[in-house]
Structure formats: C-alpha cells, structure tokens
Amino acid sequence: MKAAITGVGHFTPDRKLTNKDLEQIVETNDEWIISRTGIKERRILEKDKGSSYMAAKAAQQVLEQTNTTADEIELIILATVSPDSPVPAAAPIVQEALNANNSWAFDLNGGCTGFIYALSAGSQFIESGKHEKVLVIGSDKMSSIVNYKDRNTCVLFGDGAGAVLLEPSKNDELGIYDSILHTDGSGANLLYIEGGGSVHPASHETVEKEMHFICQDGKAVFKRAVTDMAEVSAQILTNNGLKGNDIKFLIPHQANLRIIDAVARKMELNPDQVVINIERYGNTTAGTIPIAMSETYQENKLEKGDWIVISAFGAGFTWGSMLIKWAID
Ligand code: UT7
C-alpha cells in the first residue's frame, strides 16, 4: 500500500523584511544578496508567537481543504529546528491548537531536510497499515534563532510553515514511490546552534557569547549542498528508471538559488520544471518544501499523475530526496 499526499497548505506571516530593510541593520546590499542567494525578502512572525502557531495555521488549511475533522487525525509529525521552547515538543502544542484529540504527536529535527525526513517517517505509518490519517508539517521561526548582527546568516532566513495530509492511496499507481535519506555527522560543526543544549546550557556566558544563534560556515555548507543534493536528486530518477523530462516539477529546499540551479542541471531539467519561491521567503528551513508545494498546488499547476521530486540539504549534515506521483485531482 502506498501513502499519498491528499491535501497541502501553508502559512507565511504578513510582515516582510526586505533586502533594503537589512541594509539599515547590517553592512550588506540588495545586489549582493540577490546575486549570491536569489533572496529579495523574507517573512517575519510576531515576537510573541512561535513555530507551533504557523504549523497549526498550515495544518488547519489542510483539514479544511480535505474535509477532515481534527479528531480523525491519528498522528502529527512536526519537523522544526525552532520549537516554541525546548520542552515540551511543539507538536503537542499544535495538537492542542487543532483539537486533534485522538492523535499522538512528536517533533523531528532534521535541519533543512526535516520535512523530507518527516514525510518519509509519516509514510511508513500509512504503508504499514498502522494509521490512515497523518499530518506532516514543516514549520520554522528562523527569526527567533538568527543573529541580526551577523550578515553571513541574517540575510538568508525567514519564517513560515507548510503541511500535508498523508492517507492510504486509493490508487496504487499514485503516491509516494521512493526516498533516499542520508546523514553525515562529520558536518555537525559547520551549521549549528552551540548554546542552550545539554553541553552548553543557557547561562549569562552563553548569551554574552551569542551562542544561542545559528552559525554556519557558508562556503563549506554550500559545497556539500551542491554536490550531495544534486547527487541524491539525480539518483532517485535513475533508481526508478526516470529521466529529467519525465518530471513535472522539482520542488527543492530553498536555501540558495545557485544550489537549486546546480541540482536542476544535474537532473537535466528546464527552468520551467523547477519550483522557486526563494525570492519571497528566503530559507524557512523545514517550511520551504511544503510552502512551495502548496503554492504550486494553489496555482493549479499540479495534475494527478504528475511526477515530482523533492530534495533538501541541511544541518547535521542531513540530506535526501523523494519521488512522488501526485495523487490529488
Ligand atoms: O539550508 C541549510 C543549508 N545552508 C545553505 O545551503 C547555505 C549555503 N551557503 C550559501 O548559500 C553561501 O555560502 C552564502 C550565501 C552563505 C555566502 O555566499 P558565498 O558566495 O559563499 O560568499 P562568501 O561567504 O564566500 O563571502 C564572500 C564575501 C566575503 O567578503 P570577503 O571575505 O570576500 O571580503 C563576505 O564577508 O561576501 C561577504 N559577505 C557579505 N557581503 C555583503 C558575506 N555576507 C555578506 C552580506 N552582504 N550579507
């Protein structure tokens, strides 16, 4: 039995932070940001709200779209690197907000690959016959962990969430076909938040040293992302006997336009086969793929039976790709 995506939704906050706004905050400029990353603006959530708020909004849209009541949901998997607080996980807060009283719920931290890990995990519960309605959500309030004094990172990230409903596929030709998932912990010190965990618990010192913010060696991450994300995206085609022109869309993680271009080249795709919204949202970490999928669906660009590849690379290092045959009419 295959798992199929039967609904998809997203939520992005209204407030925009443009490259021009960032020019007032750090030494940067619109031209540098656009040419190096492709980003023009990103969205910023209100201070007093957390990732669970955006996750619940995105999930609510999916429930309405699919005429599903909250108490029918059996499992909620929330991919995030920015839970509302370290304990409890944010997924129980989403469960409560939705009134999904018959579900169990957990967070999954797979960095920027979080949504792919979560979709893969969720699909196993469907394929095994254990559950029939699983919500998979990617939500990150990156503005809560970004240092707006560090121009190397603050221009890259934004806030947002997307969600899908997984159900048993009514037609075995449609649904999630394959996934390739990887982790390489030797990259753990190249993209990280050092403070606030069990090794460096929050203290005056960790805050003074700004260890609660996200740090990355951009160049090193870039090199690995280009190579590994391209490799895994081309591999999933080969493994399933497909070529670039069989694919309707690559829906990639949106970290850098140059990384996306490299992946598309390796898969031998035309520009119109690649979904890109990085210019409007920047990198929303676990949110990028479901947001892009939801926008593509809402623009009526997806038809039942279309082949889609999703792929990502992120902190861990983590990376992976999935092959999906679109199941929604
Ligand atoms: O999703 C999780 C995975 N994360 C990623 O995939 C991110 C991967 N990395 C990247 O996307 C790129 O490495 C960046 C966009 C972060 C940086 O681009 P780059 O082409 O690798 O630039 P760089 O780090 O080599 O910096 C080039 C120059 C440096 O100046 P010098 O040393 O050449 O004088 C930087 O200090 O650009 C400078 N720079 C900036 N200038 C203006 C760095 N950030 C900025 C900035 N504005 N915001």
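An open sheet of five strands runs in the order β1-β7-β6-β4-β5, with mixed pairing. Its edge strands, β1 (3-11) and β5 (104-108), each pair on one side only. Neighbouring strands of this sheet are turned by 20° against each other on average, direction ignored. The model is predicted: local features need pLDDT of at least 70, side-chain atom pairs count only at pLDDT 80 or more, and totals for chains, interfaces and linings use all residues. Residues are numbered from 1 along each chain as its sequence is written, and side-chain values use heavy atoms, with hydrogens and water left out.

Some terms apply throughout. Helices (H or I, at least four residues) and strands (E, at least two) are DSSP runs numbered from the N terminus, and two strands pair if DSSP finds at least two bridges between them. Angles run from 0 to 180 degrees between N-to-C directions, with axes fitted to C-alpha atoms, for helices over the stretch in contact.

β1 and strand β7 (residues 159-168) pair in the antiparallel sense over eight bridges. In this pairing His10 stands opposite Gly162 in β7. Helix α3 (residues 51-65) packs on the sheet and touches (heavy atoms within 4.5 Å) β1, β4 (75-79), β6 (134-141) and β7. The direction of α3 makes about 125° with that of β1. Helix α11 (residues 288-298) also packs on this sheet, touching β1, β6 and β7, and its direction makes about 95° with that of β1.

Strand β6 pairs with β4 in the parallel sense over five bridges, and with β7 in the antiparallel sense over eight bridges. Val134 of β6 is the bridge partner of Leu75, and Val134 also stands opposite Leu166 in β7. Eight of the eight residues of β6 are buried (under 20% relative accessible area, with a 1.4 Å probe and protein chains only), so the strand is largely enclosed by the rest of the structure. Val134, Val136, Gly138 and Asp140 point one way from β6, while Leu135, Ile137, Ser139 and Lys141 point the other way.

**The four-stranded sheet**

A second open sheet, of four strands, has the order β8-β13-β12-β11 with mixed pairing. β8 (175-183) and β11 (249-252) are its edge strands, each pairing on one side only. Here neighbouring strands are turned by 15° against each other on average, direction ignored. Strands β12 (residues 307-314) and β13 (residues 318-325) pair in the antiparallel sense over eight bridges, and Ile324 in β13 is the bridge partner of Ile308. Helix α8 (residues 218-239) packs on the sheet, touching β8, β11, β12 and β13, at about 155° to the direction of β12.

Helix α11 lies across β11, β12 and β13, running at about 145° to β11. Glu295 lies in this helix and counts as buried because its relative accessibility is 10%. Leaving out residues up to four places away in sequence, Glu295 touches His10, Asn277, Arg280 and Tyr281.

**The ligand**

The ligand is surrounded by 23 residues (each with a heavy atom within 4 Å), and the closest are Thr28, Arg36, Lys219, Asn256 and Asn283. The table lists polar contacts, meaning pairs of N or O atoms within 3.5 Å.

| Side chain | Ligand atom | Distance |
|---|---|---|
| Thr28 | nitrogen | 2.6 Å |
| Arg36 | oxygen | 2.8 Å |
| Gln216 | nitrogen | 3.5 Å |

Taken alone the ligand exposes 950 Å², of which the protein buries 76%; such areas come from the Shrake-Rupley method with a 1.4 Å probe.

Definitions and conventions
Polar contact = N/O pair within 3.5 Å; in protein donor to acceptor, adjacent residues only side chain to side chain. Buried < 20%, exposed > 50% of the residue type's maximum accessible area, 1.4 Å probe, protein only.
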